[in-house]
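Please keep the sequence and the structure in view while reading.

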Amino acid sequence: MIRCSVCGYVGAYTSEQCPDCKEKIRLTPAEIDEKIAEISHAEQARQYELVAEGHHILADMGRTLSQKEYASMLERGDIVARDLDEAMKYYYMAAEKNDAFSAYRYSRLAERTNEK
């Protein structure tokens with residue numbers, strides 16, 4: 001669940017734009033830390049949908065580890081629907097921050113896409 005600080009919307013996270021007011025959802029540093037803790041608790045409780053949603057939120061906020069984790073979920077189709085284009089998008093975002101694994105995975109997916 002995410003809360004929009006502009007209009008107060010509370011609901012499932014679908015994109016970095018609030019579904020009600022269309023403003024970009026922004027988290028404070030404290031909210032980011034809280035989301036990281038939620039992901040950790042969800043992993044321990046095996047609530048993988050919450051793990052995926054948490055990584056999706058933090059990936060859109062620019063957290064490299066979450067970009068890599070969410071891209072991996074998208075690539076494999078784990079927990080979320082398989083979407084190679086979206087996986088490439090998140091790998092690219094992390095690769096731009098010099099994440100070597102993400103750069104490698106992005107290049108492999110781009111190569112596969114070009115072969116088709």
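Helices here are DSSP runs of H or I with at least four residues, and they are numbered from the N terminus. Histidine 56 is found in one of these, helix H2. The model is a predicted one. The points below begin with the helix pairs, go on to the core and end with individual residues.

**Packing of H1 and H2**

- The axes of H1 and H2 lie 8 Å apart, and the two helices pack at an angle of about 155°.
- Angles over 145 degrees count as roughly antiparallel, and H1 and H2 are therefore roughly antiparallel to each other.
- The crossing of this pair, H1 and H2, is left-handed.
- On the H1 side the contact involves Ile32, Lys35, Ile36, Ile39, Ala42 and Glu43, which meet Tyr48, Leu50, Val51, Gly54, His55, Ile57 and Leu58 in H2.
- Sorted by class, the residues of the H1 and H2 contact are 9 nonpolar, 2 polar and 2 charged.

**Packing of H3 and H4**

- Helix H3 covers residues 64-76 and helix H4 covers residues 84-95; they pack at an angle of about 160°, with axes 8 Å apart.
- H3 and H4 are therefore roughly antiparallel to each other, and their crossing is left-handed.
- From H3, the residues Thr64, Gln67, Lys68, Tyr70, Ala71, Ser72, Leu74 and Glu75 meet Leu84, Glu86, Ala87, Tyr90, Tyr91, Met93 and Ala94 of H4.
- The H3 and H4 contact residues divide into 9 nonpolar, 3 polar and 3 charged.

**Packing of H4 and H5**

- H4 and H5 pack at an angle of about 145°, with 8 Å between their axes.
- The crossing of H4 and H5 is left-handed.
- H4 contributes Leu84, Ala87, Met88, Tyr91, Tyr92, Ala94 and Ala95 to this contact, while H5 contributes Phe101, Ser102, Ala103, Arg105, Tyr106, Leu109, Ala110, Arg112 and Thr113.
- The classes in the H4 and H5 contact are 12 nonpolar, 2 polar and 2 charged residues.

**Nonpolar core**

- In soluble globular proteins, nonpolar side chains tend to be buried together.
- The largest nonpolar core in this model has 25 residues, and the ones with the most contacts inside it are Ile2, Tyr70, Met73, Leu74, Val80 and Tyr90.
- Two or more residues of this core come from each of helix H1 (29-44), helix H2 (48-60), H3, H4 and helix H5 (100-115).
- H2 gives the most to this core, with 5 residues.
- Isoleucine 2 is in contact with Tyr9, Val10, Gly11, Ala12, Tyr13, Ile25, Leu27 and Ile57, leaving aside neighbours within four places in sequence.

- Histidine 56 is buried, with a relative accessible area of 11%, because under 20% counts as buried.
- Not counting residues up to four places away in sequence, histidine 56 touches Tyr13, Thr14, Tyr70 and Tyr90.
- Isoleucine 57, also found in helix H2, counts as buried at 0% relative accessibility.
- Beyond its neighbours within four places in sequence, isoleucine 57 is in contact with Met1, Ile2, Tyr13, Leu27 and Lys35.
- Isoleucine 57 and alanine 30 are 27 residues apart in sequence, and their C-alpha atoms are 14 Å apart.

**Arginine 3**

- Arginine 3 is found in strand E1, residues 2-3.
- With a relative accessibility of 51%, arginine 3 counts as exposed, because the cut-off for exposed is over 50%.
- Gly8, Tyr9 and Val10 are touched by arginine 3, with residues up to four places away in sequence not counted.
- The C-alpha atoms of arginine 3 and alanine 71 are 23 Å apart, at a separation of 68 residues in sequence.

**Positive phi in loops**

- Most residues other than glycine have a negative phi.
- Lysine 22 is not a glycine, yet its phi is positive, at about 65°.
- Lysine 22 sits in the loop between strand E2 (10-11) and H1.
- Isoleucine 79 has a positive phi too, near 70°, and its place is in the loop between H3 and H4.
- The relative accessible area of isoleucine 79 is 41%, so the residue is partly exposed.

Terms used:
Residues numbered from 1 in each chain as written. Predicted model: local features only at pLDDT ≥ 70, side-chain atom pairs only at ≥ 80, totals over all residues. Heavy atoms only, no water. Axes fitted to C-alpha atoms, helices over the stretch in contact; angles between N-to-C directions. Parallel < 35°, antiparallel > 145°, perpendicular 65-115°, else oblique. Left-handed = near helix turned anticlockwise from the far one by under 90°. Contact = heavy atoms within 4.5 Å. Nonpolar A, V, L, I, M, F, W, Y, C, P; charged D, E, K, R; others polar. Core = buried A, V, L, I, M, F, W, Y, C linked by side-chain atoms within 4.5 Å. Buried < 20%, exposed > 50% of the residue type's maximum accessible area, 1.4 Å probe, protein only.
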